[in-house]
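Please look at the chain below from one end to the other before reading on. The paragraphs after it are meant to be read with the structure open beside them.

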Amino acid sequence: MIRSGFRLAALVLAGALAVSGCGGKRDDADQAGSGGSGGGRLTIATGNTTGVYYQLGGGLARLIDQNVEGYKATASETGASVQNIQGLVAGRYDIAFSLADSAGDAVRGEGSFEEPQPIEALTRLYPNYTHVLVRSDSGIESIADMKGKRVSTGSPNSGTEVIARRLLEEAGLDPDRDVQAQRLGLPETQDAMKDGTVDAMFWSGGLPTSGITDLTTTMGDDVKLLDISDALEGMQAEYGPIYEAGVIPADTYDLPSDVPTIVVPNVLLVKEGFDPELAEKLVTLLFEKRADLEQVNSAAAGITLETAKKTDPIPLNPGAEKALDELGAK
């Protein structure tokens, strides 16, 4: 693989811009969206520090600070989707990024959730691409080959972990017995891949994800992405059309060729009962300033009015729906 120092430097710069709106670990700020619109602090649950959620969450926090009078926002590092939803419902966060499959489980009270969770969507976001990377010396050519191997399945209670476990099961493997599962965040997984303490990893993220860029740039031919498109039919049969076919373009990470994969949309969530007036302002801001978010990470280009209202089974917040109607969403 071609090592692209320029590409990595550009992503590092974008990350630095995003972090200007980030507050590191989560904090238990006062809820600002639970009633009224007189101002306050908004805490945004994002994801791992080298992932797209964290970058775009920082960018969104900065936009709120600059454009929504009376509000200050902080983007908090988290384990991502499942943890974000749990924290949202518990009142630790006001806004949360999540994969749509995890959010759908939350609404139905399935998977990681023992009962239906009171959440609403502000909008559908960009798609997440499933990245399955293996060390070239691991002997792994398919997910089934991971039997007995050391595999990073993502942060505990993350959307990555949900998809990783489902893909392992689709390949006929028991995630708890057939692989040496390591529940690592993306930064920790990067280190483990480099030093050889894990053989393979799963990651669900937008394009590009800076942590994956780091791996393909620094490890070169010592790491490769797997084509997992053969798992799509089984995943759809088991979990429905939330999973779709996608391709990671070669130029995203300076790969030898395009890599077919499985994609799932992201959604931006709030707790049921979130102030509709504030929700309307936030959704309008998101779409009017989308170009600013694209400067933070180009994955934001996938946030479109054509798909914004397609959040089923997660209900749209009434204020968000009003904003999307006025913006011309389909």
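This is a predicted model: local features need pLDDT of at least 70, side-chain atom pairs count only at pLDDT 80 or more; totals for chains, interfaces and linings use all residues.

Residues are numbered from 1 along each chain as its sequence is written, and side-chain values use heavy atoms, with hydrogens and water left out.

The secondary structure of the chain comes to 11 helices and 11 strands; here helices (H or I, at least four residues) and strands (E, at least two) are DSSP runs, numbered from the N terminus. Of the 330 residues of the chain, 57% count as buried, where buried means under 20% relative accessible area, exposed means over 50%, and partly exposed lies in between (1.4 Å probe, protein chains only). The accessible surface of the chain comes to about 13,000 Å², and 46% of that surface belongs to carbon and sulfur atoms; such areas come from the Shrake-Rupley method with a 1.4 Å probe, and for residues only the protein chains shown count as cover. A contact means heavy atoms within 4.5 Å, and among contacts in the chain between residues at least 6 apart in sequence, 77% join residues at least 24 apart.

We can now turn to pairs of helices. Two packed helices are described by the angle between their axes and the distance between the axes. The axes are lines fitted to C-alpha atoms, for helices over the stretch in contact, and the angles run from 0 to 180 degrees between N-to-C directions. Angles under 35 degrees count as roughly parallel, over 145 as roughly antiparallel, 65 to 115 as roughly perpendicular, and the rest as oblique.

The axes of α4 and α5 come within 9 Å and cross at roughly 90 degrees, which means that α4 is roughly perpendicular to α5. In this pair, Asp101, Ser102 and Asp105 of α4 meet Gly159, Val162, Ile163 and Arg166 of α5. The residues of this contact of α4 with α5 divide into 2 nonpolar, 2 polar and 3 charged, with Ala, Val, Leu, Ile, Met, Phe, Trp, Tyr, Cys and Pro counted as nonpolar, Asp, Glu, Lys and Arg as charged, and the others, Gly among them, as polar. Leaving aside its neighbours within four places in sequence, aspartate 105 is in contact with Glu110, Gly111, Phe113 and Arg166.

Helix α5 (residues 159–170) also packs against α8, at an angle of about 110 degrees and with the axes 10 Å apart, so α5 is roughly perpendicular to α8. The crossing of α5 with α8 is right-handed; a crossing is left-handed if the near helix is turned anticlockwise from the far one by less than a right angle, and right-handed if clockwise. Here Arg166, Leu167, Glu169 and Glu170 in α5 meet Gly234, Met235 and Tyr239 in α8. Leucine 232 is found in helix α8, which covers residues 232–239, and leucine 232 counts as buried because its relative accessibility is 13%. Apart from its neighbours within four places in sequence, leucine 232 is in contact with Tyr243, Glu244, Ala245 and Ile262.

How do α6 and α7 lie, roughly parallel or roughly perpendicular? Their axes come within 10 Å and cross at roughly 15 degrees, which means that α6 is roughly parallel to α7. Helix α6 (residues 186–195) has Leu186, Thr189, Gln190, Ala192 and Met193 as its buried residues, and what covers them includes β5, β6, β8, α7 and β9. Just after α6, glycine 196 takes a positive phi of about 80 degrees.

The last stop is the backbone of the loops. A cis peptide bond joins leucine 207 and proline 208, with omega about -5 degrees, and proline 208 is found in the loop between β8 and α7. The peptide bond from aspartate 312 to proline 313 is cis as well, with omega near 10 degrees. Asparagine 157 has a positive phi of about 60 degrees although it is not a glycine; asparagine 157 sits in the loop between β6 and α5.
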